Amino acid sequence: MKLNTQMTVNRITDEIWEIPTSEKPGMLVPARIYATRGILQAMDSGVFEQVTNVACLPGIRRYALCMPDGHWGYGFPIGGVAAFDAADGIISPGGVGYDINCGMRLIRTDLTLADVQPHLERLMTELFRAVPAGVGASGFVRLSGEEFGRVMTHGAKWCVERGYGWHRDLVRMEEGGCIEGADSSIVTDHAIKRGINQLGTLGSGNHYLEVQVVSNEGIFDPVTAAALGITGHEQIVVMVHCGSRGFGHQVASDYLKVFEQCMGRYGITVKDQQLACAPFRSPEGQEYFSAMNCAANTAFANRQVITHQIREVFATVFGRSAESLGMELVYDVAHNIAKVERYPEGELVVHRKGATRAFGPGSPELPEVFRTTGQPVICGGSMETGSYLLVGTDQAVRDTFGSTMHGAGRTMSRAQAKRTVRGAQLQQQMKQRGILVKAVSMSGLAEEAGLAYKDISEVVQSVDRAGITKKVAELRPIGNIKG
Amino acid sequence: MRCRQSDAMAWTFRFLEEIAMADVAFEAEGASVEEVFRGATQALIESMANPVTVAGGWERAIEWRDEDPSALLFDWLSEIVYWKDAAGVVFREAPLTLTHEGEVWLLRARLIGAPVDQQTQELHADVKGVTKHLYRVSQEGGRWKALVVLDI
């Protein structure tokens, strides 16, 4: 089998591949990649190099993992999962990413394609106006420093208290949209100034807001889908992909610097500067964890304010309240985060970078509403090909520290995508195929063309066959907003 | 390879296509460290917006010193990213000088731009941060080079 690496990669199953510790000096555990044979063969060399670098970090347990949407990142690969002993392991901003709690949110509606199609142009125009996107965009929420501190500690709860959402939304978010242990007093003034005006904004890159359709043929598990409010019959849903914006980016930058300076003191050496880390129980490790939680809560709040804006726009366009349109949250899940979770090995700091928590029905951490279904997992594909709703499994908890994929994963560089297709041309082609796109940047649009991504169906197939997530429904785009 | 040949403000950089699949990587080079700073600054500015479409009006003077030019460049590029969000601006240019005084490198720069305007400016990527992945400032064959990966 031809791979983009000289390393030995052993087949464990048709969807699990292992790089033994003998392949790189310093590896403490093997690396495991979840992928079909085809996806594995297409993976770039960076994945193999980076996942084995992660396997060298102090306190790592069991395996360094990479999901099928994995590709070259910085430090950790995108799609990377690693768990470190909370007592003697590390925490690394490189295992979380700059966009702390970048994540996905899915909102259902009672509307159908027939209801929405005649109003799609107006709907997308109004959404584009109400949810600012692109470089330097600021939101409508104006906050004092003190109030922003409450956003950091209360997350989506702050939004609901201020009227930007419904109380019942909170149960349908990872950690209830508010992670404990966030201390706003330790974040830098730089981080606050970067993020204070950005609540309710999308950003750019691969972030988006998408109006989607679920057809009957797109439902793989009708019972679970129905339990999650997904009924098919050309049902309209709305997906949001974004994170903690400039605030989280600055928290990551601040602590990479702190960790670079303190690593030597703790006798830690890393294979890549971007893997800078500190012992989890060290003062620096605990400070980063707390600051990271501030950013994670801000991301939950960001997606909640965006949800409020989406509901307002739908209510205006369709002349009915969001509640009467059935605009309930399906779920909100992070895919760039580090969390303390309990496994047979004990308390572990699980890093997921471009990977999603995927707890099964048996997980006591899940709220009652997901005890029969398992935790919803929302995987965004490219804007041309569609996305998936899945659910976590108890097998994921056993095999992958309760983790799975987060999206399609890139297969082409941004520059190559721009050379291959022009933004305006792509926008026109997509319109002809029934997908209305509003974009701030035409070059940014070209970078996100479907051809730049892996086939999400095959990526989803990998995790479904491996048993770490189960397909529920396919979501087909009809309108997209990009930064 | 993109370059500006004027004597006083010369810069050269090229975007590296196959390094950072989901992000942006570039290499700046020049006969001096100062020229590398200019190239890297220009590459970062162009990653966020087409500078030709950005008017002036917003300006910050920055003066920093560091014994390590690599650390100085990293902090300077990070500062540009910071102002993009903190002031909600994109940039037209950033004329700078870099002098070496004893053990210390002194950067004097003016960051010039304008508030983001989606109607008049050609906007590109919202850069999240300057990463340390593969980051280096080095001298090779008598030329100075900097390799930078931006998280997008």
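1. The largest pocket holds about 770 Å³ of space. A pocket is an open set of points on a 1 Å grid over the protein atoms alone, where a 1.4 Å probe fits, with protein on both sides within 12 Å along at least five of seven lines. A volume is the space filled by probe spheres set on the points, and grid points are joined across faces, edges and corners.

2. This is a predicted model: local features need pLDDT of at least 70, side-chain atom pairs count only at pLDDT 80 or more, and totals for chains, interfaces and linings use all residues. Residues are numbered from 1 along each chain as its sequence is written, chains are lettered from A and ligands numbered from 1 in the order written, and side-chain values use heavy atoms, without hydrogens and water.

3. Which residues lie nearest the centre of the largest pocket? They are A:K418, A:S443, A:E447, B:F15 and B:H124, out of 32 lining residues. Lining residues have an atom within 4 Å of a point. Chain A gives two or more residues from each of α12 (414-420), α13 (423-432) and α14 (442-447). Helices (H or I, at least four residues) and strands (E, at least two) are DSSP runs, numbered from the N terminus.

4. The lining of the largest pocket has 14 nonpolar, 8 polar and 10 charged residues. Here Ala, Val, Leu, Ile, Met, Phe, Trp, Tyr, Cys and Pro count as nonpolar, Asp, Glu, Lys and Arg as charged, and the others, Gly among them, as polar.

5. The second largest pocket has a volume of about 300 Å³. Its lining has 20 residues, with A:Q250, A:D254, A:K257, B:D75 and B:S78 nearest the centre. By class there are 7 nonpolar, 5 polar and 8 charged.

6. In chain A, an open sheet of 7 strands runs β1-β2-β3-β4-β5-β13-β12, with mixed pairing. Two strands pair if DSSP finds at least two bridges between them. β1 (10-13) and β12 (336-343) of chain A are the edges, each pairing on one side only.

7. β1(A) and β2(A) are antiparallel over 3 bridges. A:T13 stands opposite A:I16 in β2(A).

8. Is helix α2 (residues 45-54) of chain A mostly covered or mostly open? Mostly covered: 8 of its 10 residues are buried, meaning under 20% relative accessible area (1.4 Å probe, protein chains only). Among them are A:F48 and A:V51.

Technical notes. Buried means under 20% relative accessible area, exposed over 50%, partly exposed in between (1.4 Å probe, protein chains only).
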